[in-house]
Amino acid sequence: MIKVEKHLPPKIIQKLQDQQKKSGSRQFRVVSEIFEALKNEFHNKCAYCETKFKNNSFGEIEHFKPKTVYSDSIYDWNNLLLVCSACNMRKSKRFPINNNKMPLLVNPVIDNPEELFTYNTKGYMLPKPDLSNNEKRKAEITIHLIGLNRKELVGRRKLILTNLINIQRTEQDPKKTGKKIREQLNELTDDGEYLAYLRYIKTLLRR
Ligand SMILES: [Zn+2]
């Protein structure tokens, strides 16, 4: 999961918000402007697991705070995420909060996931060490509730590392190996799949 800096909402959001205030409706209208804007904001990948939307998967609009309970946040731009169906199904309407009514779930638009999560070489996502008790709980609940260590995700992350190790095996010249791997990791951009995991690998190589 990576931090996503959102831009200004598309103009239609204000219009829909005004309409909602007048009508008191709890229905969310999916309009193409919102969908397209979210696709850009989230680099065409899932806000939670960073799987790219390919072929027939377009992503689903997720209300971080469920719209059934938090009707005031239906068109709150920071409350709208674009996620894959596997994450959306698990997250569903769930929204755990602590005793101070603060969310126990990481929102990549509001929180900085890279301050809360780390990974291991087996492809697993973990809470970072040295977090406060509340942050640790929030990180653990997020991983568990959204299934961020589900088998296919762990497998895909692990494959990234395996592929990099294979470069090392096939290249005879160690100088060239390092260069090749560094080149791959230096080309990281926000729209890359599983970017947080690639950044984690990059920190391993610096050691
Ligand atoms: Zn996902």
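Q: Which residues on the other side of α2 are exposed?
A: This is a predicted model, where local features need pLDDT of at least 70, side-chain atom pairs count only at pLDDT 80 or more, and totals for chains, interfaces and linings use all residues. Residues are numbered from 1 along each chain as its sequence is written. Helices (H or I, at least four residues) and strands (E, at least two) are DSSP runs numbered from the N terminus, and a residue is exposed if 12 or fewer other C-beta atoms, placed from the backbone, lie within 10 Å of its own, buried if 20 or more do, and partly exposed in between. On that side of α2, the exposed residues are Ser-32, Glu-36 and Asn-40.

Q: Why do the buried residues of α2 lie on the same side?
A: Helix α2 spans residues 32-41, and its buried residues are Ile-34, Ala-37 and Leu-38. They share a side of α2 because they cover an arc (taken from the directions from the helix axis to the C-beta atoms) of only 100° around the axis.

Q: What do the buried residues of α2 pack against?
A: Let's follow Ile-34, Ala-37 and Leu-38, the buried residues of α2. Contact here means C-beta atoms, placed from the backbone, within 7 Å. The buried residues of α2 pack against α1 (11-23), β1 (60-63) and β2 (80-83).

Q: Which residue just after α2 takes a positive phi?
A: Helix α2 covers residues 32-41. Just after α2, a positive phi of about 55° is taken by His-43.

Technical notes. Two residues are in contact if their C-beta atoms, placed from the backbone, lie within 7 Å.
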